[in-house]
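Visitor: Please show me the protein, and let me ask what stands behind the words used for it.

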Amino acid sequence: MKRRYLLKTLPLLPVAGSLLPTPLNLMHFNKNISKTDYFEELGVEKVINAAATMTFLSGSLMLPEVMDAINSTSNDFANMYELQDKVGVKIAEMLNCEAAMVTSGAACALVLGTAAAITGDDPEKIKSLPSFSGSRPEVIMQKKHRYVFDQAITTTGAKIIEVENVSEMEAAINENTVMALFFNAAESWFGIEDSISHQDFISVAQRYKVPSFIDAAADVPPVENLFKYQEMGFDLVTFSGGKMLRGPQSSGLLFGKKELIEAAKLNFSPHEAPIGRPMKVNKEEIFGMYAALKAYLAKDHDAEWQMWLDRTKTIGDILGELPGIKTSVNIPSGRANVFPSLDVFWPAEYSINAKDVYEELKNGKPSIICNLSKRNNRDIINIGVVLLKDKQVELVAKRLKAILIKQ
Ligand SMILES: *Cc1c(COP(=O)(O)O)cnc(C)c1O
């Protein structure tokens with residue numbers, strides 16, 4: 001963790017004891033405290049996640065600190081307006097920005113941020129979304145940044161205007177323009193460079209007084225990213241709570257300029273009808289998200305990184321017992337999902353392809369989901385290590401080894 005970041009953040013965290021990096025806060029999981037095995041009762045399989053934080057696999061596992069926050073607050077009522085306001089003040093202090101709120105995820109934050117930019121605090125507009133009496137509001141995006149989650153933008157009724165460079169961006173701005181959205185991980189997703197840099201994007205937006213929003217949903221680690229984009233000048237920033245922050249899967253952060261956050265809250269639950277109401281969070285997600293952020297900021301990130309590398313070594317050593325098997329640690333160079341995982345290569349003599357290995361891991365007992373990735377246009381197996389429990393590390397390696405030996 002960078003010293004600059006530490007110095008800035010330490011005085012703001014409430015409990016001195018929680019600041020000490022301890023191996024305990026790295027990768028422990030909740031003990032099974034229920035007498036009922038609900039997985040078994042419903043006949044649902046427990047899956048080993050040797051892939052990444054994916055919504056279809058229930059995201060990530062909540063830290064014990066998060067479960068403690070949820071359990072310890074679940075026996076009392078809270079006024080949800082007060083809770084959202086007060087957690088927002090605290091998170092804004094922790095993240096060094098004007099204001100913050102807890103949403104039901106980054107996709108919800110995209111809806112609320114756009115709604116805020118459209119309505120401000122105008123009750124009539126808030127009530128009418130996604131319809132408008134006049135022209136449709138417009139949100140500017142780089143053409144290369146168009147992605148599945150931008151449907152959250154058009155959910156508000158806004159339309160997306162695509163631009164490919166700075167002069168097109170300037171020309172696109174008119175009285176219907178309400179916001180400009182930057183998809184931070186576009187380069188990682190699509191393997192193509194941004195056509196407008198962060199700095200240029202922000203400076204055009206600022207010059208024309210158009211609020212700028214950056215989607216950085218999956219972009220920790222590194223922890224510094226939680227501070228970077230508001231410092232650059234983005235007016236709104238979102239991160240998922242249910243990815244590597246390890247809060248509730250149904251949580252996320254939206255933070256930035258106070259005026260926009262206040263307007264976003266007006267478009268959200270607990271207000272009864274606005275566009276964000278069907279995406280409500282209850283106090284459990286709010287306290288849980290807060291506890292996750294606190295734990296994430298206090299964590300020893302270097303030690304955690306080393307633990308991940310150690311896991312790749314353990315798996316690599318076990319697979320290395322087979323002739324011809326090669327493994328290499330993969331750390332993506334982009335802005336999303338930047339953490340180590342293990343690429344596995346085997347020679348043609350093994351006569352099984354990566355897809356079949358993926359299926360065998362998936363269909364085995366217990367089911368293991370790994371990543372089926374492409375390197376040099378070839379399918380390969382990639383083992384994600386960051387979501388494994390300690391005792392699953394060897395198990396995954398041995399299962400993969402057994403599948404390969406069988407051939
Ligand atoms: C995961 C993701 C989202 C959606 O986040 P949720 O917290 O699941 O709503 C949005 N944008 C990007 C880039 C993502 O990776």
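Guide: Of the 407 residues in this protein, 51% count as buried. The model is a predicted one.

Visitor: What makes a residue count as buried here, for example Leu253?

Guide: The cut-off is under 20% relative accessible area. Leu253 has 0% relative accessibility, and therefore counts as buried. This residue belongs to strand β8, residues 252–256.

Visitor: Which residues is Leu253 in contact with, leaving aside its neighbours within four places in sequence?

Guide: Contact requires heavy atoms within 4.5 Å. Among the partners of Leu253 by that test are Ile91, Leu95, Met101, Thr103, Val237, Phe239, Leu245 and Leu293. Gly88 is a case of distance along the chain: 165 residues separate it from Leu253 in sequence, while their C-alpha atoms are 9.5 Å apart in space.

Visitor: What share of the contacts joins residues at least 24 apart?

Guide: Among contacts between residues at least 6 apart in sequence, the share is 71%.

Visitor: Why is the radius of gyration said to agree with that of a compact globule?

Guide: For 407 residues, the rule puts a compact globule near 22 Å; the protein has 22 Å, so the two agree. The C-alpha trace spans about 65 × 50 × 45 Å along its principal axes. As for secondary structure, there are 16 helices and 12 strands.

Visitor: What makes a set of residues a nonpolar core?

Guide: The members must be buried, come from a list of nonpolar residue types, and be joined through side-chain atoms within 4.5 Å. The largest such core has 83 residues, and those with the most contacts inside it include Ile91, Leu95, Leu181, Leu226 and Leu293. Helix α5, residues 106–119, gives the most to this core, with 9 residues. A second, separate core has 37 residues, including Leu57, Phe339, Tyr358 and Leu388. In soluble globular proteins, nonpolar side chains tend to be buried together.

Visitor: Which residues of helix α11 are buried?

Guide: In α11, residues 225–232, they are Asn225, Leu226, Phe227, Tyr229 and Gln230. Leu95 is in contact with Leu226, Phe227 and Gln230, among others. After α11 comes Gly233, with a positive phi near 125°.

Note on methods: Residues are numbered from 1 along each chain as its sequence is written. This is a predicted model: local features need pLDDT of at least 70, side-chain atom pairs count only at pLDDT 80 or more; totals for chains, interfaces and linings use all residues. Side-chain values use heavy atoms; hydrogens and water are left out. Helices (H or I, at least four residues) and strands (E, at least two) are DSSP runs, numbered from the N terminus. The radius of gyration is taken over C-alpha atoms; the globule rule is 2.2 Å times the number of residues to the power 0.38. Buried means under 20% relative accessible area, exposed over 50%, partly exposed in between (1.4 Å probe, protein chains only).
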